[in-house]
Amino acid sequence: MPDYKLVIEGGRELRGETYVSGGKNTSLAVIPATLLAEHPCQLDNLPDIEDVRALVQILRHLGAGVEWRPDQKQMQVDPAKLRTNTVPFRLSQKMRASYYLMGALLGRYGYARVGYPGGCNLGSRPIDQHLKGFRALGAQIREENGMVVLEGKLRGAKINFDMVTVGGTINVMLAACRAEGDTVLTNCAREPHIVDTANFLNRIGARIRGAGTDTIRIRGMSKLNGGGYTVIPDQIETGTLMIAAAATRGDVTLHGCIPTHMEALTAKLLEMGVLVTSRDDIITVQLRQGHRAIRLSTQEYPGFPTDLQQPMSALLTRALGTSEVIENIFDSRFKHLDEMRKMGAKSVINGRVAYIEGVPELHGAPVTAPDLRGGAALVIAGLMARGITEIYNSETIARGYEHLENKLNALGGSIRREPVASDVYGYANSL
Ligand code: EPZ
């Protein structure tokens, strides 16, 4: 995708209705999980995002038959004839979720050679818990020229994660599905996309119980069939749109979401004075007056998601009073606040704590998206600001949001893409 910037004319209220796309982090787990099957799988409600595009490239490189129709949100994967178990670094580093190829290929073939994953630069992001789980299942692991080589016949095991890890929980679950015997995973992450991935695997013949709790039990199966599955709506896109609605003092109704996944955000928005109502798969967000500062602390699900901390802190730049935001999951997830200072926001960062003093107004400025959710936070800041905001490195936003600017424009925003001359550099492409 050629480099472009987003140009936002701020100060317009968002009003109207839109829909939420399929879950990014669910899709990025379920697509590699299809490789565990013997027969074709059909996935529905997949988002049209760059990370899915990168994953399709990886699956095709491996030899899987992939037919993706983004306009129909549908993908068919035929995993029958893989020609290689190697995911080269040039492909693995395009995204974080390439680590799922380790679990999927190891589970299916007992051998995988995968480059280290890329992903947002949020500080140190080791995968030691993934590797610990694979080892406990019987894999021998070595590093060869920067590639992780995993090999061995897998047997069920009891594995307690040292910390709660979303990727680690899913990855070890993938491999254990085709191990011999039973596996029990404890201290698991409980995010909705872990449940969704387990539901998909069960649909194609796996036997997984307990996903969504901190203990997951897996009976290894000698083979998994194929089948169809519809992925859940994106929790973080839902939240980003909810926050954008509040930030512009708008009135927006979102369709196709799961309100119970949004409880931590909804509670905080209500505390700030934002009106949030929901029924069935619909959420409405309205804000008429100013909103209050809050104290926010990111936690694993069902706590406040780290992925919404950045969009939420954009909203806090205009709250009445000073907010305290504690980032408990990642070392370095406040770079967007440095950028927002150029727009008149006031914040002080002390390690994993940010103090954000609300200001009456933000003004437009050229800024750089530091990472995916940081980019979304800058879009929200741009919508709130007086004048024109230009967001460089905006390709990073398209990695995880389906046509974000189109959705916001349909609600009354004014955002356009403009090509960027090749001599203008933002952050290194770090996602
Ligand atoms: C997943 O990242 C998501 N990525 C992230 O989404 C999300 O922010 C994160 O989970 C937390 O919800 C995908 O699903 C592709 P973790 P992941 O393992 O798996 C430490 C987005 O914007 N840790 O739960 O990398 C780790 O360093 C993104 O959509 C280890 O120390 O997150 C971190 O501090 C970005 N060793 C914490 O645990 C390990 O082996 C949680 O990481 C694994 C993790």
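Predicted model: local features only at pLDDT ≥ 70, side-chain atom pairs only at ≥ 80, totals over all residues.
Q: What makes helix H4 (residues 100-109) count as mostly covered?
A: A residue is called buried when its relative accessible area is under 20%. In H4, 9 of the 10 residues are buried, so the helix is mostly covered under that cut-off. The buried residues are Tyr 100, Leu 101, Met 102, Gly 103, Ala 104, Leu 105, Leu 106, Gly 107 and Arg 108.

Q: Which residue just after H4 takes a positive phi?
A: Gly 110 does, with a phi of about 75 degrees.

Q: Why is the largest cavity said to lie between domain 1 (4-21 + 233-430) and domain 2 (24-230)?
A: Both domains give residues to the lining of the largest cavity, and therefore the cavity lies between them. Its lining consists of Ser 21, Gly 22, Lys 24, Pro 47, Ile 49, Asp 234, Glu 237, Gly 400, Tyr 401 and Glu 402. By class, these divide into 3 nonpolar, 3 polar and 4 charged residues.

Q: How many cavities of 30 Å³ or more does a search of the whole structure find?
A: The search finds 1. The largest cavity has a volume of about 40 Å³.

Q: What makes up the lining of the largest pocket, by class and by domain?
A: The lining divides into 20 nonpolar, 15 polar and 14 charged residues. At least three residues come from each of domain 1 (4-21 + 233-430) and domain 2 (24-230). The volume of this pocket is about 1000 Å³.

Q: Which residues lie nearest the centre of the largest pocket, and which helix gives the most to its lining?
A: Of the 49 lining residues, Arg 125, Val 166, Gly 167, Ile 329 and Phe 330 lie nearest the centre. Elements giving two or more residues to the lining include helix H5 (128-136), helix H6 (166-176) and helix H10 (306-316). Helix H1 gives the most, with 4 residues.

Q: Which residues come nearest the ligand?
A: Of the 23 residues around the ligand, Lys 24, Tyr 99, Asp 307, Ile 329 and Arg 373 come nearest.

Technical notes
Residues numbered from 1 in each chain as written. Heavy atoms only, no water. 1 Å grid on protein atoms, 1.4 Å probe; cavity = no way out; pocket = protein on both sides within 12 Å on 5 of 7 lines; lining within 4 Å. Points joined across faces, edges and corners; volume = space filled by probe spheres on them. Nonpolar A, V, L, I, M, F, W, Y, C, P; charged D, E, K, R; others polar. Domains from an automatic or database assignment. Buried < 20%, exposed > 50% of the residue type's maximum accessible area, 1.4 Å probe, protein only. Near = heavy atom within 4 Å.
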